[in-house]
Amino acid sequence: MQPSSLNPAFLSTITQLSGGPWNFGDRVLLVGDAAHAITPFYGMGMNVGFEDCTMLMDLLRKNRFDFEKTFRSFTDLRKPDTDAMTELSFKNFQSLEESPDPAYHTKWLLERRIAKLFPTCWTPTYVMIAFSHLPLREVPEIKEREERILHSLIRKHPDILSVADGALTELVKAEVGEELYLPSDLEYNASNVR
Ligand SMILES: Cc1cc2nc3c(=O)[nH]c(=O)nc-3n(C[C@H](O)[C@H](O)[C@H](O)COP(=O)(O)OP(=O)(O)OC[C@H]3O[C@@H](n4cnc5c(N)ncnc54)[C@H](O)[C@@H]3O)c2cc1C
């Protein structure tokens, strides 16, 4: 079905929200979509809201349930993570637009092979976001580094997907040197790689 044939009466816009502060003194604190609605392209909106709750509880405990102090600091402490998720989610929309491109599939398949060959030091973006407690603000930089490596490998070796595992391991090592990310607190499980 062509977008032009859709009835506009049944369409709505997808909006993202980034503002602040999220509190009104010690009386009101916004969490979840009310504070930072994101586009649905990583399916993470609810999870980010749940993370708000755990972070808020941790902070309240740390501040001995001083609501004013907690509410005042919450936006600044939390916003870098939710801003990162907002950006990641929107960028994923742009990637999905590229997905019919064969180059996108090559990159996608290569990343999954590398993640299986280097299960403790290559973490696909989705795994970092959805299956770890890595602060979301750290994801864009790691993602950018991994993308750079993937693009470079594909550019230098256009037939890279047909290379056997042993040779691929060597190609990756030669490409990245010591640059592979070693997760410290990732609850990483290679079986989560899709
Ligand atoms: C298409 C789509 C797919 C998604 N997929 C996923 C996914 O796979 N995984 C994921 O984690 N997230 C997903 N999300 C996001 C997720 O649904 C939201 O992030 C989540 O529901 C936000 O929860 P919330 O409690 O902050 O807000 P809401 O769920 O919007 O809850 C707010 C509540 O407040 C009520 N309310 C509003 N105004 C008033 C008022 N004046 N008085 C009283 N009540 C009021 C509303 O009726 C509502 O019940 C998706 C979202 C969309 C749109």
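1. The model under review is a predicted one.

2. Helix 2 covers residues 45–62, and helix 1 covers residues 33–36; each of them supplies at least two residues of the shell around the ligand. The residues surrounding the ligand are Gly32, Asp33, Ala34, Pro40, Gly43, Met44, Gly45, Met46, Asn47 and Gly49. Sorted by class, this shell holds five polar, four nonpolar and one charged residues.

3. As for the chain in general, it has 194 residues, of which 19% count as buried. It contains two strands and seven helices, and their order along the sequence is β-β-α-α-α-α-α-α-α. Among the contacts with a separation of 6 or more, 69% join residues 24 or more positions apart.

4. Does the length of helix 4 agree or disagree with expectation? Helix 4 comprises the 16 residues 102–117, which at 1.5 Å a residue should span 22 Å. The C-alpha atoms at its ends are 23 Å apart, which agrees.

5. Which residues of helix 4 are buried? They are Leu110, Ile114 and Ala115. These residues lie on the same side of helix 4, because they cover an arc of only 135° around the axis. In general, an α-helix has 3.6 residues a turn, so residues three or four places apart point the same way.

6. The cover over the buried residues of helix 4 includes helix 6 (139–156) and helix 7 (165–176). On the face turned away from the buried side, helix 4 carries the exposed residues Pro102, His105, Leu109 and Lys116.

Notes: Residues are numbered from 1 along each chain as its sequence is written. This is a predicted model: local features need pLDDT of at least 70, side-chain atom pairs count only at pLDDT 80 or more; totals for chains, interfaces and linings use all residues. Helices (H or I, at least four residues) and strands (E, at least two) are DSSP runs, numbered from the N terminus. The expected span of a helix is 1.5 Å times one less than its number of residues. A residue is buried if 20 or more other C-beta atoms lie within 10 Å of its own, exposed if 12 or fewer, and partly exposed in between; C-beta atoms are placed from the backbone. The arc is that of the directions from the helix axis to the C-beta atoms. Two residues are in contact if their C-beta atoms, placed from the backbone, lie within 7 Å. A residue is near a molecule or strand if its C-beta atom, placed from the backbone, lies within 6 Å of it. Ala, Val, Leu, Ile, Met, Phe, Trp, Tyr, Cys and Pro count as nonpolar, Asp, Glu, Lys and Arg as charged, and the others, Gly among them, as polar.
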